[in-house]
Each structure stands twice: as structure tokens, then as C-alpha cells.
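Good morning, and thank you for coming. Please look at the sequence and the structure as I go through them.

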Amino acid sequence: MKKNEVDVIVAGHLCLDIIPAFPAEKRPLSDLHAPGRLTNVGGAVCATGGAVSNTGLALHRYGLNTRLVGKIGNDTFGRAILDVIRARDPGLTQSIVVAPGEASSYTIVINPPGIDRMFLHCPGANDAFCADDVDFPMIGTGRLFHFGYPPLMRRMFLDCGAETAKLFCNAKANGLTTSLDMARPDSGAESGRVDWRALLRNILPHVDIFLPSVDELLYMLDRPRFAKFEAALEAGEPLGGLRQTDLRALSDELIAMGTGMVVMKLGAYGLYLRSSANSARLLKFGNGAPANPAQWIDRELYHPCFEKQVVGTTGAGDCAIAGFLAGLLYGQNPEAVMDSATGSGACNVEAADAISGIPTWDALQKRISKGWKTEPGL
């Protein structure tokens, strides 16, 4: 590999996560919501969060030459973000944009035992991020470009995602394989009023690998069905009553919009993959294309979660993405890549923050090869 060549450029949302520790016993959700009530918690873990940190640092942990691109302010939280990342590798901060006058993004992660996590989020400088913040010539030649969370970055979802489309066009012009992760829009904010179907039609022709969660897709493509899905989940129905045929229909719609491959995150139910039957589309993947493209044409794979001891779920989807992209870049076949992705997500939830549970690549592969058992799936 040339001196200025990188394996992965990870760009997009970057923030500081503040994660209070809760007592082990499960408490009613009302304890956290009652006005005027004080709830005792333990010490807080402060870690970097967002796609840039969660996916990028996991890829770095897996031994890939990684560059991180995000936008922060020159404030206390911004300095904390840089300090956390520098502690892992000083070189990882060289492409992070520090914008004077902007507030750095932060998230308070409320993650009590037995209850799905909740977030209090300030987007900060992420709202000012634009395509020109990724200087591809300065970063150097690379193999894959990954971008995360445009619904939480105002300039990236305005005008039908014009800045996101520009960014991905720039990445493709530099020969990079492209991948995109989403986040659920805030229904009460500007992002909740975006025509997400139109935005996806605009950007997916430039996205080789699309890696959303199933709830994000339903919110963006079928709001009434999303409401039924949420109600069914609340009632305890596995995956909100969705079946593999539903996942196939959703992914085929996205492939028809122009993406080459859909990897759908299913939370506690694992991962689903669907790839294009158009071999010409897969041959346009660029520098990070699969080692054997023929193995990836017209594939449909489902992988349940591996068994694990859950400590926290922050960043689980991001780390599953890191496992998927690492497996792809290391030349694994589709089945092995799905193992790596699901295993990476399982390792993530065995720690409170997004990165501490991530092992080395060799350790992950060894754990998988030893017959790591899976949980019941769909």
C-alpha cells in the first residue's frame, strides 16, 4: 500500500457521548420521566459517539488504515472529542474540521437495565457539515468511503440531500466504494418533515452499500406502517410482525432506486442482506469492491444475533457495520462477512460504550470459528 493510501474514510456525524451508569436492578420507566423527581445514578462514561467515532474507531481497531472526517467546535466538548480520539491514535484527528464559533455536538445516553436506550442530543457543528469538508485529495487515495447519519446533519438533508449526493459523487469520482448509514429522523423537528423517499432516490444511485435499520426504513418509506411496527414491537411481537418477505420487498425497492446492496440492521434479530441481480452494478463498486464479485450477485442472507451478555447497546449498529466493511475489505465471502458483522455488533454490546468491547480482528475471527452460538432469529 502506498504511503498516502487509506483503507477507509469514515465521515459524518461526530459527538461526545455522556453515559450515566444505572443500578443493575430494573426500575420503572416513570422514574426517569416524572417531573421534579431526582434519580440517583452512578459515574458517567464520556466517550466519542456518532458514526465517525463508532464505525471509524472499530475499523481502526480491526487493523484497517482509517481516516476520520467530522466537524466540531473549538469548545470544551470539542477538545474532549479530540483528546479521546488522540488517545487511540493521534493520526486519526488530522482530518477532523474544527470550526470556530460552532458548538460541538453531544448526546446524553440514558441506558437503564431492561429498557431500550434513549438519547438527548444536540447536533451542534454537525448541522454545518457539508460535502467540501471532506478533502479527498488531501486525505489521499483510498478504497472505501463510509458516511453516517445525514438525518442528524441539517445541510446534508436539505434540498433533497443535494450536499449528500455531491459528497458521494465526489467519492465515486475518486474511485472509492461508497457506503451509507442512516439514523431515524426526529419526528418533531425539521428532519421529520423531509421527503425521505425523494432524498433516497437522489442519493442511492451513488451509494454502493446502503446500511440502514429496519425502523429507519419504515419511517422514511411508509409512515403508517412504521406506526403499526412500533405498536407491534411494544406488544412484544418479534420484529414488529415483519417477515423475511417484508424485508425483501423493502430492500428490492431500495435496489430499484440505484444502490448495489442493502444491509438491514434488525436490532435484537440480527442482520439481513440483499444484493442486486445486476452484475454491472456490482462491478461499479470501485477500489473496495468484493474480492470475488460473482459471489455477491443476487444474494439474500439472514443472520441472527450471536449469544452475548448485554451491558449497553450504544453503537451496536455502527459496530456491526464496521464488521461488515472490514470483512468486505479483507476479502471474506458473503457468509463470512455476515458472521463478522453480527459478531462485531455482539462484541459491542458487551461494554457500556461503543468501542471498549471491540476486540482485534483476529480475536473476533477466532471467537466465530470456535462455534459461537446464535440466538433464536426470525
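This is a predicted model: local features need pLDDT of at least 70, side-chain atom pairs count only at pLDDT 80 or more; totals for chains, interfaces and linings use all residues.

Residues are numbered from 1 along each chain as its sequence is written, and side-chain values use heavy atoms, with hydrogens and water left out.

The protein contains 13 helices and 14 strands; these are DSSP runs, numbered from the N terminus, with helices (H or I) of at least four residues and strands (E) of at least two. Of the 378 residues, 53% are buried, meaning under 20% relative accessible area with a 1.4 Å probe, protein chains only.

Let us turn to one residue. Threonine 93 lies in the loop between α3 (76-88) and β6 (97-99). Why does threonine 93 count as buried? Its relative accessibility is 11%, so it falls in that class. Leaving aside neighbours within four places in sequence, threonine 93 is in contact with Leu82, Ile85 and Arg86, where contact means heavy atoms within 4.5 Å.

Finally, consider a helix pair. Residues of α11 that meet α12 include Ala316, Cys319 and Phe324. By class, this contact of α11 with α12 has eight nonpolar, six polar and no charged residues; Ala, Val, Leu, Ile, Met, Phe, Trp, Tyr, Cys and Pro count as nonpolar, Asp, Glu, Lys and Arg as charged, and the others, Gly among them, as polar.

Note on methods:
Buried means under 20% relative accessible area, exposed over 50%, partly exposed in between (1.4 Å probe, protein chains only).
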